[in-house]
Amino acid sequence: MNTQDIIKPENLVASRPRLFTDAITHYCPGCSHGVVHRLVAELIDEMGLTDRTVGIAPVGCAVFAYNYIDVDWVEAAHGRAPAVATAISRLNPENFVFTYQGDGDLSAIGCAETIHAANRGENIVIIFINNAIYGMTGGQMAPTTLLGMKTATCPYGRREDLNGYPLPISNLLAQLDGTCYVTRQAVHTPAAVRTAKKALKHAIENALAKRGTSVVEFVSTCNSGWKMTPAQANDWMAEHMFAKYPLGDLKNRQD
Amino acid sequence: MKGNEAIAHAAIRYGFDGYFGYPITPQSEVLETLEAEMPWETTGMVVLQAESEVAAINMVYGGAAAGKAVMTSSSSPGVSLKQEGISYIAAAELPALIVNVMRGGPGLGTIQPSQADYFQATKGGGHGDYHLIVLSPATVQEMADFVGLGMDLAFKYRTPAMILADGIVGQMMEKIVLPPFRPRRTDEEVRRQCPWAATGRHGRDHRNVITSLEMDSPKMEENNLRFQRTYAEIEANEVRFQEYFTDDAEYLIVAFGSVARICLKAIEDAREKGCKIGMLRPITLWPFPKKEIERLSAQVKGILTVELNAGQMIEDVRLAAHDAVPVFHFGRMGGVIPNPNEITDALLSHFPDAKA
């Protein structure tokens, strides 16, 4: 058997999502963004939503998300994606509207917009990449940075007396009546990716069914910002991040 | 009705798709009237009280990005909060309408009328090189009329427009004729009118992306040059103003908004005593009626600007007049409104020869 025998459509188990553009991403090798982008692109395509999806890109590493997934996009000001999504969703209720935000964008500068959009129960999906660091600006402390974790702006480790505590924003969002589904996922193993895809699909179904706001947090790696190899970052995430941000559904309301 | 109420009614009748606001005195009646009218039951217009002015302007950004006719209103401290979003709207070349019913500042200031946001409205306000089309209503009728005019201009040039009103015209009650009802555009009409909008692809063979980001400096410069070409076109085509008694005027008052009406009373009184005073009222504060002031500065012996601020528009008047004649400023601040006699006295103190 040679490679030509193997490369046949019937043997295909995975392919590049049809909704991916030809652009080469700017993400660092090993970063979680790429896998999450793939899940987003696959689900929009598989669920037949290409023609009625509008994504809201954040400020942060995913600022160029609009270059990679071939649907309509609006690039928001830092933290404002849930407000932008609110208007687009309300003005075009037949559209599927999602935001794609990092921890700085969503839980620091955009905390108010996030909480209030979720509290209004906007029929959107908030995709939340939590890697506990500001990746794009060079590895500064985020609200979700773990205690003791070293970043460019807490070079000796985050201290609760100086910097306060890691913010479990998804736990807060799960408390709100406007959210129907809040879940915490990861994409560091094939099994986790499969589970995460199911969770994201459920969130999208919620938005289409107008059940309220769904939040899918992806506990993620930033191996560049963490100054680790991708494999080390995955291990470190499983050991430290999951302790503070355990995976699983925080809320799943079916009505 | 009140000026603020006129804004709300005119917005529904124009066929606005969305209003996003946050309460602040002296403009809260805009949001209150819209909520009471419930246009979502009639025209389908979305009305939403946001959690902040920051959120409200970013909702406007989102709605405008989707090609919808959207607006917000606020008053001075709230409009300061909106500057981030306004800069993004201008940079993304989106049409939108922003209403500022000015109150006295700086800071929390006062809830009384002011015109102290002239610089902010006409010189950029937020970061970067951009301009708003700025309309200055002097009457409740103009409050209503400029809602449609402002949004039409915003669509025409794909740039945000602002109604720069003040607490007087916002709170004042006058009889007006409301514009006729127009149906909201259908989604198909929106897609046809705004082929650039993030509506969802709906069969389009490419994605639409609304962004103000461009990392390649030469391309970003090209974007800026395109903005400037739009602004030059607006300056060439959209200057609006009104002249009063300028035919034989020897002295000129330049005033905008509600204060122009107080000035008009002062001029009428002075003319009864034989003082040949005229007035130019800029209706568009940007683009500013430079040529008209230049023309009149060749005719008159002196100019007085009257503003509810420390002297802001006077800078544009002096630039337009090229210092051909002396230009002075009279203003009250902090929410104080001058009476006509004060204005006449100020003019005569600077120009004693104006006395008949």
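Predicted model: local features only at pLDDT ≥ 70, side-chain atom pairs only at ≥ 80, totals over all residues.
Who touches whom? From α11(B) come Lys290(B), Ile293(B), Glu294(B) and Ser297(B). From α12(B) come Val317(B), Ala320(B) and Ala321(B). Sorted by class, this contact has four nonpolar, one polar and two charged residues.

Chain B has another helix pair to look at. Helix α1(B) covers residues 3–14, and helix α2(B) covers residues 28–37. They pack at an angle of about 45°, with their axes 7 Å apart. The two helices are therefore oblique to each other. Here too the crossing is right-handed, with α1(B) passing α2(B).

On the α1(B) side, the contact uses Asn4(B), Glu5(B), Ile7(B), Ala8(B), His9(B) and Ile12(B). They meet Glu29(B), Val30(B), Thr33(B), Leu34(B) and Glu37(B) in α2(B). The residues of this contact divide into five nonpolar, three polar and three charged.

The table sets the two pairs side by side.

| Helix pair | Axes | Angle |
|---|---|---|
| α1(B) and α2(B) | 7 Å apart | about 45° |

Which of its residues are buried? They are Glu29(B), Val30(B), Leu31(B), Thr33(B) and Leu34(B). After α2(B) comes Met38(B). Its phi is positive, near 50°.

Now turn to where the chains meet. How many residues of chain A are in contact with chain B? The count is 29 residues of chain A, against 34 residues of chain B. Four elements of chain A each supply at least two residues to the side that touches chain B: β1 (53–57), β2 (72–75), α3 (81–91) and α5 (111–120). Of the elements, α3(A) gives the most, with eight residues. By class, this side of chain A has 15 nonpolar, six polar and eight charged residues.

Strands also link the two chains. β2(A) pairs with strand β7 of chain B, residues 209–210. The pairing is parallel and runs over two bridges. Within it, Val74(A) stands opposite Ile210(B) in β7(B).

Key
Residues numbered from 1 in each chain as written. Chains lettered and ligands numbered in written order. Contact = placed C-beta atoms within 7 Å. Nonpolar A, V, L, I, M, F, W, Y, C, P; charged D, E, K, R; others polar. Pairing = 2+ DSSP bridges. Axes fitted to C-alpha atoms, helices over the stretch in contact; angles between N-to-C directions. Parallel < 35°, antiparallel > 145°, perpendicular 65-115°, else oblique. Left-handed = near helix turned anticlockwise from the far one by under 90°. Buried ≥ 20, exposed ≤ 12 C-beta atoms within 10 Å, placed from the backbone.
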